[in-house]
Amino acid sequence: MPEGQRAPASPRTAHRARDRGSSGLAVCPPPQRPAPGFPESPAPRRGAVCASVPQKLAEALSSQYGLNVFVAGLLLLLAWAVHASGVGKSDLLCFLTALMLLQLLWMLWYVGHSSAHRRLIRLKDTHAGARWLRGSITLFAVITIILGCLKIGYFIGFSECLSATEGVFPVTHAVHTLLQVYFLWGHAKDVIQSFKTLERFGVIHSVFTNLLLWANSVLNESKHQLNEHKERLITLGFGNISIDLDDHTPPCNCTPLAFCSVISQGIYYLYPFNIEYQILASTMLYVLWKNIGRKIDSHQPQKMHFKFHGVMVGSVLGLTVLAATIGVVVVYLIQIGRSKTKSESALIMFYVYAITLLVLMGAAGLVGIQIYRIDEKSLDESKNPARKVDVDLLVGTAFGSWLISWGSILAVLCAESCPPYTWYNLAYSILVIVEKYIQNLFIIESTHREPEKLSEDIRTLRVVTVCNGNAAYHVSSCLESGAVAGAVAPQGSEMPHAVVRNMSLREGCGKEQEERRREGAPGSACRPRFLQGNAKRRVLKNIAAFLFLCNISLWIPPAFGCRPEYDNGLEEIVFGFEPWIIVVNLAMPFSIFYRMHAAASLFEVYCKI
């Protein structure tokens with residue numbers, strides 16, 4: 001159409017143009033045609049200059065803002081932890097409360113803005129904010145709210161000597177948790193296309209607010225564990241280690257005393273769930289931030305369904321491991337610290353149990369990887385921020401346990417005296433490194449596999465063989481449906497010797513497997529019979545279910561105080577008490593989160609297989 005007779009823009013197009021203009025982006029002028037006789041220069045991609053530069057600039061600005069907020073919060077946490085002069089707990093809680101209130105204002109604005117424009121078609125990222133992930137974060141949020149109620153009761157009991165900020169903080173945190181869960185349920189899949197600076201800064205502010213709340217919970221829980229650890233070392237005979245307690249008990253009596261004692265113990269048993277909630281919320285918000293301005297592919301993945309059929313073996317073994325884990329943790333917590341003999345027996349019991357479990361998990365992961373090696377299937381390499389974040393977290397958080405394990409290995413090899421549990425500790429540390437390496441490979445390859453497509457047409461109607469004279473053409477392969485075969489012969493063409501047959505999958509693949517066998521290609525006939533079709537998927541599902549329950553089992557001991565890295569005392573002698581405690585306190589939260597994140601990834605693998 002000539003330029004002067006261009007069709008008028010539709011109202012929706014004009015409305016979108018106004019939105020783009022209002023967000024601070026320059027509207028790109030239409031490309032000009034070159035004059036006759038001049039060569040046409042290659043046209044730049046649409047939006048490459050006018051859209052990507054402001055988008056990258058806003059992304060860089062918002063990320064730097066978030067990092068500065070996070071660094072300031074970490075310094076406040078460090079100052080409170082080391083009892084810096086002029087910095088108290090009330091200052092830290094005021095800073096965190098201000099961050100939560102600011103995030104609450106932004107979430108309320110975003111929810112209101114979305115409700116006002118709910119008639120507009122909004123793009124969604126189907127990979128982000130899975131239903132099972134939102135369900136798990138809701139469960140952790142409920143326990144976090146219960147934790148907040150206990151903190152309010154603790155403030156009421158010690159109200160005579162606590163500042164008002166320690167009462168305002170849990171109330172604000174409870175409200176923040178409720179609204180954030182509602183926000184994630186409704187908007188975790190959003191792909192924001194407005195490129196507004198406020199939205200980028202709001203999301204990244206939410207990410208680092210949750211990370212600071214996570215760091216605060218980790219610090220409080222670590223202080224409690226450290227106090228118990230110092231008391232246990234005396235029973236193991238390490239009298240040369242200082243046992244000065246770093247206690248932050250308020251300098252006044254609590255009324256009633258029994259009520260405050262129950263609350264104080266209950267708070268620290270609920271901290272692991274709060275820690276998981278904060279880190280899950282920050283990862284979901286980070287995916288939302290990465291999706292701002294992203295172009296969504298037209299291809300949408302198939303929905304994953306959870307089915308329990310055919311995983312009896314993996315589930316029974318996994319539940320057996322879970323029950324054994326609970327028993328080991330109870331016995332460990334009862335025995336450790338009672339006497340030197342009982343403490344050493346508890347450590348040996350834990351190491352034997354953990355070594356057996358890690359060997360089983362490593363073997364299951366190797367079987368799953370070998371099945372994938374036999375199955376020649378293409379990988380899904382499409383751009384997926386949610387999957388990339390999951391993989392990065394999986395590998396990054398494994399670094400925490402690897403750091404502790406290598407420290408234990410060096411301590412065992414360099415120690416002058418060897419207690420009875422020393423060599424169990426060595427085997428346990430090596431297996432922790434190997435098992436996580438194998439499990440990461442299994443999960444990463446599973447998440448990058450394309451989902452199975454099992455259509456009845458693909459199972460029944462397969463091969464079309466066209467014969468013309470002495471020549472035979474294999475028109476349709478084993479992976480094509482009968483609809484493709486019907487489109488092979490064009491209308492009006494004559495095929496005097498054509499023979500069209502519909503066969504079953506096994507009969508249709510017969511000739512192709514013969515040819516592959518002659519050529520030496522690894523076809524499906526070379527695979528073991530039990531690794532074909534539904535049998536292969538059943539084996540992989542059992543492996544995923546078993547590893548899922550095993551990772552939950554291994555999350556329980558360190559989360560609830562069963563930490564041999566603290567209690568054996570060997571590493572403290574080699575590295576020194578304070579350096580080793582710093583290493584464990586920094587690495588242990590990542591190790592604990594790894595198990596929960598691996599369990600979540602394995603659940604997704606199970607649903608995808």
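User: Is Tyr428 buried, partly exposed or exposed, and what do those words mean?

Analyst: Buried means under 20% relative accessible area, exposed means over 50%, and partly exposed lies in between, using a 1.4 Å probe and protein chains only. Tyr428 has a relative accessible area of 14%, so Tyr428 is buried. This is a predicted model, in which local features need pLDDT of at least 70 and side-chain atom pairs count only at pLDDT 80 or more, while totals for chains, interfaces and linings use all residues. Residues are numbered from 1 along each chain as its sequence is written, and side-chain values use heavy atoms, with hydrogens and water left out.

User: How many aromatic pairs does the structure hold?

Analyst: Rings of Phe, Tyr and Trp (its six-membered ring) pair if their centres lie within 6.5 Å; planes under 30 degrees apart count as stacked, over 60 as edge-to-face and the rest as tilted. The structure holds 21 aromatic pairs. One of them is edge-to-face: Trp214 and Phe590, at 5.7 Å centre to centre with 65 degrees between the planes.

User: Where in the chain do Trp214 and Phe590 lie?

Analyst: Helices (H or I, at least four residues) are DSSP runs, numbered from the N terminus. Trp214 is in helix α6 (residues 197–235) and Phe590 in helix α19 (residues 577–608), so the pair links distant parts of the chain, 376 residues apart. Trp214 is buried at 12% relative accessible area, whereas Phe590 is partly exposed at 37%.

User: Why is the pair of Tyr351 and Tyr428 called tilted?

Analyst: The ring centres of Tyr351 and Tyr428 are 5.4 Å apart and the planes are at 50 degrees, so the pair is tilted. This pair also links distant parts of the chain: Tyr351 belongs to helix α9 (residues 340–374) and Tyr428 to helix α11 (residues 422–447), 77 residues apart. Tyr351 is buried, with a relative accessible area of 1%. Ring pairs join Tyr351 and Tyr428 with Tyr332, Phe350 and Tyr353 in a cluster.

User: Which lysines lie over the face of a ring?

Analyst: A charge sits over a ring if NZ of Lys or CZ of Arg is within 6 Å of the ring centre and within 35 degrees of the ring normal. Lys223 lies over the face of Trp80, 5.6 Å from the ring centre. Lys541 lies over the face of Tyr606, at 4.2 Å from the ring centre.

User: What does His187 touch?

Analyst: Contact means heavy atoms within 4.5 Å. Not counting residues up to four places away in sequence, His187 touches Tyr110, Val111, Ser114 and Leu288. His187 is found in helix α5 (residues 165–187) and is buried, with a relative accessible area of 13%.

Technical notes:
Helices (H or I, at least four residues) and strands (E, at least two) are DSSP runs, numbered from the N terminus.
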